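Here is a short briefing to read with the model open beside you. Please take a look at the chain, then come back to the notes.

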Amino acid sequence: MSSTPFFSALTVLVLLLSLLYPTTQLHLEDQEQDSPVSRFQQYLRIKTAHPNPDYASAVSFLSSQAQSIGLKTLTLEFAPGKPLLLLTWPGSNPSLPSILLNSHLDSVPAEPSKWLHPPFSATRSSDGKIYARGSQDDKCIGMQYLEAIRNLPDFIPLRTIHISYVPDEEIGGLDGIAKFANSKEFKDLNVGFMLDEGQASTTDEFRVFYADRSPWGLIIKAFGMPGHGSKMFDNSAMENLMKSVEVMTRFRENQFDVVKAGLAAPSEVISVNPVYVKAGTPSPSGFVMNMQPSEAEAGFDVRLPPTTDPDLLKKRIADEWAPAIRNMTYQITEKGPIRDYMGRPLMTPTNDSNPWWSVFNQAIKMGGGQLAKPEILPSTTDARYMRQKGIPTLGFSPMTNTPILLHEHNEFLKDTVYLKGIKLGGHMLFRLLVSQAAADFQSAIYFGCRYALVEYVKQSFNGRFMRKRAMKRLGVVFNIIAGVTSHDAVLELRDSGATANGLLITKGEARERGVINTKATSILPSMVKTEEDKIKPEASKSMLSSSSCKKNKYKGVRMRSWGSWVSEIRAPNQKTRIWLGSYSTPEAAARAYDAALLCLKGSSANLNFPISPSSHLPDTVMSPKSIQRVAAAAANSCYYENATPTTTTPISNPTTPSSSSLSDHHIDDVPLIHITSGAEEPTLVIDPWMDFGDQMLNACAFFDPPTMTIEDFYEEGDISLWSFC
């Protein structure tokens, strides 16, 4: 039998395959050009490095990507040539607080000669490493947000999500997110929670950041008489500057020793790093070598953890680092906020008191990830401007098993790590967007307290009868809220100084929100009390009665029915009381009371605890705010004394003149910074419930920092509003 037909058929098949191969290869190349990794590379190739970032091209590219997946786009410009891109994915319930995902457009400069590949080529190596400036910091998360949404094309979120791409983060953000956060456009977003950039993790665990260190620019100048280069005399400019540098170096070493001993992370101590020195008499060939200059100057980058007392650090600078007695001056540039609108450290709770944290943590687990212990970010991000407004904000970049290469040569991100982050981002977004519990909780607290406080203020000026009537009415309102959440949350709002300033809300709006003339079950249908829940109050009463003896253990301290401890003190010869705070332990509340009593009565005070020989007694009359700060510091020291293990940074007390006193701006004998062990998180004096409650009130950004508290309306003998709750 002849084999010719077989070979003829084989030849035809080979010819057909050869014709089809170029088409198949072209199709695969087209797919490669439209993959998540290729889109990431396109974004990286846009040169947005300072000093001349190409913002326009970046915004154009991101807008086209957003429109391709159905997102709304809006370009804002708060400074010429510095656009801010805002993307919106509308939710089915726009009345709920929204989520903001933030990243920055700009990057730091790169030195091409010191890179393996050109820094803006986004070269992908054979092992999957994508080399480019901004691959980690932080163009990756900006694209991962979009890719995660792209993978959910048929999903309609419950709440609205916004994605912001801001300019100038690398140079402080003053023309970017700082102006955006104070704009009407931002207020209209009704942001309740924000995610910002974090850092890569070298392990399998994802890192998450609840605070940043605040940057200060410190410039120290020394002055002295000029002289011949061979002459030895005191108080020359260079000598004075060198003395200061030596003192600052010792402080830096002490801080670094704490880190090397494992007692604190690098981000939990104050860092002081010299960045330039300027001195000498210039000459055509350089500097005059036989002449001592009359001026010398040095600059330092100072980073403060949120637990640092900035006033004490300023005092150290004035007394030790740049004392006027050595003909020295200094200039501090605070680059951004260091306290929120209530004067508290810029920290987001990372425990169950923050519902957003619980949802975020579960979202990471759903995606197969594991979070490491929450950290303070060593550097500084745009998150501080959100935390300043009381908005819960976390720093998070989904990069594991990756070296940290921010601002370094040969910055890269592996393609597999990038794709894993997209998958995790999808789980995270889904969890955050469908979570109803946090939204209802926030809505009830926010609208209930707004209405209640305004009604109280309106009627409190109309006589004692109307005041009592208002308090009874408010008692009902807050009972509604307390029926679906914690009394602690509501009362901590009151204790923290929640005000009526800007809290206007109509009765109609209150009824629409289900705050008045309604039952608790209509506010939160998913949280209706069961028969089992109705039995719990009785059990609580029996437990409280058995522990009632604890209420009178310390002077000036009382225990609330749900277990927290509060302290207040009567101002001398006045009808008013000074609120000292609410604490989780009676000892902390008692420490606060003792400190306040010392401020008012001095050494004649009858204290709960023996006075320390090193305690500083004020020489002058103090304001209520100063007394509150001293009390808070004393209570805070109680928390740290009870921590295991506990340490504070070594600090030498500067010599204080005999005429010194405890003023509104300085507290003696209080450590600059509190450091906890690696197993503990920094503890705030303020209870987490109060902290989160204030954040909830501020979520819609309707009001300015408070100027008047509910306590201001009480008179001696008045019936307290809170007795009706």
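Predicted model: local features only at pLDDT ≥ 70, side-chain atom pairs only at ≥ 80, totals over all residues.

Residues are numbered from 1 along each chain as its sequence is written, and side-chain values use heavy atoms, with hydrogens and water left out.

**Whole chain**
- The chain has 20 helices and 24 strands, taken as DSSP runs (helices H or I, at least four residues; strands E, at least two) and numbered from the N terminus.
- Of its 725 residues, 51% are buried, meaning under 20% relative accessible area with a 1.4 Å probe, protein chains only.

**Strand 15**
- In strand 15 (residues 295–304), 8 of the 10 residues are buried.
- Strand 15 runs antiparallel to strand 9 (residues 214–223), with 10 bridges, and antiparallel to strand 11 (residues 271–279), with 8 bridges; pairing requires at least two DSSP bridges.
- Alanine 296 is the bridge partner of alanine 222 and also stands opposite alanine 279.

**Recorded site**
- An unreviewed UniProt entry lists Asp137, Glu170 and His407 under "binding site"; such annotations may be inferred rather than shown by experiment.
- These residues spread over 271 residues of sequence, yet cluster in space, with a largest C-alpha distance of 10.2 Å.
- Aspartate 137 sits in the loop between strand 5 (129–131) and helix 4 (139–150), and counts as buried because its relative accessibility is 5%.
- Glutamate 170 is in the loop between strand 6 (161–166) and helix 5 (177–181).

Terms used: Buried < 20%, exposed > 50% of the residue type's maximum accessible area, 1.4 Å probe, protein only.
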